[in-house]
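Here is a structure to look at with a few terms in mind.

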Amino acid sequence: MSQKIPITVAHGDGIGPEIMEASLHIIQAAGADLDIETIEIGEKVYLRGNSAGIDPEAWESLRRTKVFYKAPITTPQGGGFKSLNVTARKRLGLYANIRPCVSYHPYVDTKHPKMNVVIVRENEEDLYAGIEYRLSADVMECLKLISRPGSEKIVRFAFEYAKQNGRKKVTCFTKDNIMKMTDGLFHGIFDEIGAEYPEIEQEHWIVDIGAAKLADTPEAFDVIVMPNLYGDILSDVAAQIAGSVGLAGSANVGTSASMFEAIHGSAPRRAGQNLANPSGLLLGGVMMLVHIGQWEAAERVHNAWLRTIEEGVHTYDIFEESVSKQKVGTKEFAQAVVARMGKKPEKLAAVSYAGAQAKRKDWAPTQRKTDIQMIGVDLYVGSKGITPQAMGDQVKQISHDGLTLKMIDNRGVIVYPGGMSETFLTDSYRCRFEAGGATVTHAQVAGIYQKMTDAGYDIVKTESLRTFDGKPGFTLAQGQ
Ligand code: NAD
């Protein structure tokens with residue numbers, strides 16, 4: 001007999017309450033032993049004036065149970081409302097987002113009958129750090145942060161997931177031909193950690209062609225690990241081409257807490273009509289049961305659900321005259337699954353979770369001593385309304401204690417020296433100062449900052465140029 005496990009449940013908005021009720025009905029009928037605490041999140045909380053969409057007492061419940069089963073919520077339109085999902089993922093340290101995307105051919109219409117892909121998406125960093133600045137009247141900036149520990153955690157998670165779930169291959173998608181430092185770090189760590197798993201096949205694709213291949217030939221992939229933004233986009237694509245976004249569940253897993261949900265939203269137009277498909281949330285619940293060690297219940301739910309799908313008992317979103325037998329509502333679908341409890345599918349492959357519980361390999365960041373030297377500074381300045389050549393000729397005269405102008409660029413393209421008249425110019429420039437490769441001090445940087453300000457340049461921000469163990473910690477401008 002398994003032990004009663006406390007979990008926090010949120011019924012959400014739109015179709016949320018109906019699909020949560022249906023999912024809990026099925027999960028409990030399978031014998032899951034849960035001690036449920038219910039919290040309110042989402043639209044009502046936002047509209048009460050709480051811009052985070054979640055009250056302090058709800059956080060207390062989540063920190064107590066550490067397991068969150070969450071129905072979709074509606075984020076009100078208009079500014080000022082923070083995404084509760086992003087907040088929950090980041091505040092609870094849920095660094096891994098796992099989305100299995102499986103086709104159920106011939107029972108659910110799909111162009112890809114053999115698809116069975118798990119997307120493992122990094123969940124905390126990348127462009128989702130949400131650090132943005134306005135540099136000038138015309139230019140906005142969003143910082144893409146990729147860290148060594150963040151990448152190590154997610155890449156190791158992907159390999160461990162593959163190992164524990166009998167998966168044969170892990171693929172990594174990045175754009176490191178362009179973002180050599182950020183995506184380059186992610187790819188490098190994939191190669192480094194991959195070397196510890198020689199039994200698992202591994203490969204890397206540039207994300208654009210990888211995405212095309214995934215949409216065209218998903219059966220070529222098994223587990224795919226990606227930085228946050230690519231994973232966000234491509235996991236929706238993968239779920240949709242497998243059959244329907246309404247069928248995919250998702251787990252958000254961290255070191256001390258986890259959250260399980262459907263990948264779709266609150267579909268407000270379908271709310272309150274007993275129409276919605278509860279399958280995505282239910283399969284999220286199956287992942288939760290495996291995670292908390294109640295694998296027998298997980299297996300019963302999943303197999304009874306497969307049997308229901310296979311017998312053609314379908315909600316409107318996957319109903320097809322040619323393959324479906326019975327069109328049902330949310331409640332009737334749940335009853336149909338419960339009626340098949342203890343049965344296994346006859347045509348589709350049955351699942352087995354025997355003994356499964358997500359075993360997290362203890363993870364510690366790689367410690368390394370790095371020799372760091374500052375060798376220059378980039379000063380971002382507004383436009384003075386003069387040509388790049390005139391600006392360069394002026395700034396070339398400004399030096400401080402060996403620190404002199406190396407180049408000026410505009411949106412990463414060199415405009416001085418040797419600029420091209422065809423290059424489009426915005427009102428934001430970057431002036432790079434170096435001392436011929438020698439180490440520079442903060443006093444030198446402060447000196448050049450002061451002299452540039454005295455010459456009438458409005459400095460918007462600075463970035464120091466450093467070497468790490470002799471290697472540059474910055475990129476060259478395009479054309480430099
Ligand atoms: P959505 O996923 O809610 O719905 C898109 C369409 O997909 C629906 O109109 C419906 O036709 C179909 N659909 C989705 N889930 C279904 C299901 N279970 N059964 C049957 N059909 C289903 O996307 P949206 O309309 O862009 O967003 C609606 C709201 O959901 C927004 O407020 C958005 O912010 C929110 N949202 C929440 C989450 C979350 O809580 N995790 C995720 C995405 C969107």
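Q: What lines the largest cavity?
A: Val86, Arg89, Lys90, Arg121, Asn123, Tyr128 and Asn228 do. A lining residue has an atom within 4 Å of a cavity point. The model is predicted: local features need pLDDT of at least 70, side-chain atom pairs count only at pLDDT 80 or more, and totals for chains, interfaces and linings use all residues. Residues are numbered from 1 along each chain as its sequence is written, and side-chain values use heavy atoms, with hydrogens and water left out.

Q: What makes this space a cavity?
A: On a 1 Å grid over the protein atoms alone, a 1.4 Å probe fits at its points but cannot get out. A search of the whole structure finds one cavity of 30 Å³ or more. The largest cavity holds about 30 Å³, a volume filled by probe spheres set on the points, which are joined across faces, edges and corners.

Q: Which helix gives the largest share of that lining?
A: Helix H4 (residues 84-91), with three residues. A helix is a DSSP run of H or I, at least four residues, while a strand is a run of E, at least two.

Q: How do you know that strands S11 and S12 pair?
A: Pairing takes at least two DSSP bridges. Strand S11 (residues 249-253) and strand S12 (residues 258-262) have five, in the antiparallel sense. Ser250 has Glu261 in S12 as its bridge partner.

Q: Why are strands S2 and S9 called edge strands?
A: In the open sheet the order is S2-S1-S3-S12-S11-S4-S5-S10-S8-S9. Strand S2 (34-39) and strand S9 (201-206) each pair on one side only.

How values were computed: 1 Å grid on protein atoms, 1.4 Å probe; cavity = no way out; pocket = protein on both sides within 12 Å on 5 of 7 lines; lining within 4 Å.
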